Amino acid sequence: MMSNNDRLLSLDVLRGFDLLMLVGLQPILRVLLIEIDNAVLNDTLLYQLDHAQWEWLRVWDLVMPLFLFMSGVTMPYSLPKYKTQNGNKKVWARVIKRFILLYGLGVFVQGNILALDPDRIYLFSNTLQAIAVGYLLTAPMVLYLSPRKQLMAVVGLLIFYSIPMHLCGDWTPNGNFACMVDKALLGRFRDGTVLAADGSVVFADWYDYSWIWSSLTFCATVALGAYAGHLTKCDNRNRKATAVKLVIAGAICLVSGIALSPVQPIIKRIWTASMVLYSAGWCFMLLALFYWWIDVKGHKTGWNIFLYYGCNAITAYVIGEVINFRGVADSILYGTAQYLGDWYSVLLTVCNSLFVFFILRFMYKHKIFLKV
């Protein structure tokens with residue numbers, strides 16, 4: 001991670017914005033809008049707060065790519081410096097340790113560990129594991145390649161991912177090459193599977209995410225974030241120019257993703273190359289906006305609510321995904337259910353988000369930062 005002197009406040013704030021949406025605001029807004037049940041709000045705001053069923057992206061689909069992208073931004077700050085100070089072996093020990101911790105936390109978030117039932121364990125199924133793999137594959141690019149060659153490597157990854165996707169399947173949920181790879185390699189340990197009475201594996205039709213082949217494009221997303229980190233690190237003395245470069249990079253990615261989409265659809269669930277470019281375009285633009293407003297214009301106060309989440313992003317994600325504080329709230333507030341009716345679920349969701357908020361606020365105020 002970046003040292004305190006090197007840290008980009010804009011990156012911490014943007015990361016906090018992403019995590020606040022993920023574990024705080026979106027759950028509240030969704031349940032609130034469902035209860036309001038207004039046709040206009042349902043077709044606009046509520047629609048954008050859910051995932052696209054297959055092709056193209058909604059606003060909510062950008063949360064995960066932004067998380068991966070930002071994990072890459074810090075890499076040019078931390079890895080080369082650590083390698084210079086401690087040598088090649090120690091930097092790789094650090095990379096592998098971080099990979100194991102992130103991947104292990106992903107298994108923990110996936111749940112079912114305490115059941116001690118191997119039939120309920122899945123090997124690759126969530127965002128933390130995607131970050132872990134993307135980080136591991138991007139590390140040698142950051143350590144040994146120039147920024148220009150890193151971009152060339154990203155293009156190579158997208159091409160390598162795309163060739164069998166075009167030649168060995170189609171772009172449907174059950175007919176694409178990426179999901180075929182997951183079914184073949186993960187088998188019983190692929191999420192959304194059950195064992196039949198005869199012991200055969202049955203793949204659920206509703207589960208259409210891919211992870212193994214998509215690791216190539218996870219890496220591409222993280223590597224594009226690393227390129228953004230390179231821009232902010234190397235052009236630190238001319239931050240206005242850096243902001244412009246981030247916007248240009250974002251525009252190029254957006255146009256490239258849209259241009260590629262007629263040939264290769266933008267599909268987040270299998271992390272297509274067009275999705276990588278299109279989502280990275282928005283990530284560059286968001287980073288440019290926060291960077292310009294905070295690091296260029298100097299608006300550095302008033303961001304604490306975002307910093308609570310951004311400075312303990314992994315903690316926020318794990319707490320938000322694993323611990324359900326609704327039961328705690330229900331044990332205290334159950335008496336109000338008779339007065340609130342269907343709105344009681346809104347109250348419980350608000351309380352759940354507030355529990356997470358106050359835990360992160362406490363950690364930030366007491367300078368407790370859990371790093372992986």
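**View 1. The second largest cavity and the classes of its lining.** The lining of the second largest cavity divides into 4 nonpolar, 1 polar and 3 charged residues, where Ala, Val, Leu, Ile, Met, Phe, Trp, Tyr, Cys and Pro count as nonpolar, Asp, Glu, Lys and Arg as charged, and the others, Gly among them, as polar. These residues are His51, Ala52, Trp54, Trp56, Asp61, Tyr209, Lys268 and Arg269, and the space that they line amounts to about 40 Å³. The model is predicted, so that local features need pLDDT of at least 70 and side-chain atom pairs count only at pLDDT 80 or more, whereas totals for chains, interfaces and linings use all residues. Residues are numbered from 1 along each chain as its sequence is written, and side-chain values use heavy atoms, with hydrogens and water left out. On a 1 Å grid over the protein atoms alone, a cavity is a set of points where a 1.4 Å probe fits but cannot get out, a pocket is an open set with protein on both sides within 12 Å along at least five of seven lines, and lining residues have an atom within 4 Å of a point.

**View 2. Arginine 269 in its loop.** Arginine 269 lies in the loop between α10 and α11 and is buried, with a relative accessible area of 16% (buried means under 20%, with a 1.4 Å probe and protein chains only). Its side chain reaches the backbone oxygen of alanine 52 at 3.4 Å and that of glutamine 53 at 3.3 Å. Apart from neighbours within four places in sequence, arginine 269 is in contact (heavy atoms within 4.5 Å) with His51, Ala52, Gln53, Trp54, Asp208, Tyr209 and Ser210.

**View 3. The largest pocket.** The largest pocket holds about 580 Å³ of space, a volume being the space filled by probe spheres set on grid points that are joined across faces, edges and corners. Of its 25 lining residues, His51, Met64, Thr127, Tyr317 and Glu321 lie nearest the centre, and the lining comprises 12 nonpolar, 7 polar and 6 charged residues. At least two lining residues come from each of α1 (9-36), α3 (63-73), α5 (88-110) and α13 (313-322), helices being DSSP runs (H or I, at least four residues) numbered from the N terminus.

**View 4. The second largest pocket.** The second largest pocket has a volume of about 380 Å³, and among its 20 lining residues Val155, Ile252, Cys253, Ser256 and Leu277 lie nearest the centre. The largest share of this lining, 7 residues, comes from α10, and by class the lining has 16 nonpolar, 3 polar and 1 charged residues.

Key
Buried < 20%, exposed > 50% of the residue type's maximum accessible area, 1.4 Å probe, protein only. Polar contact = N/O pair within 3.5 Å; in protein donor to acceptor, adjacent residues only side chain to side chain.
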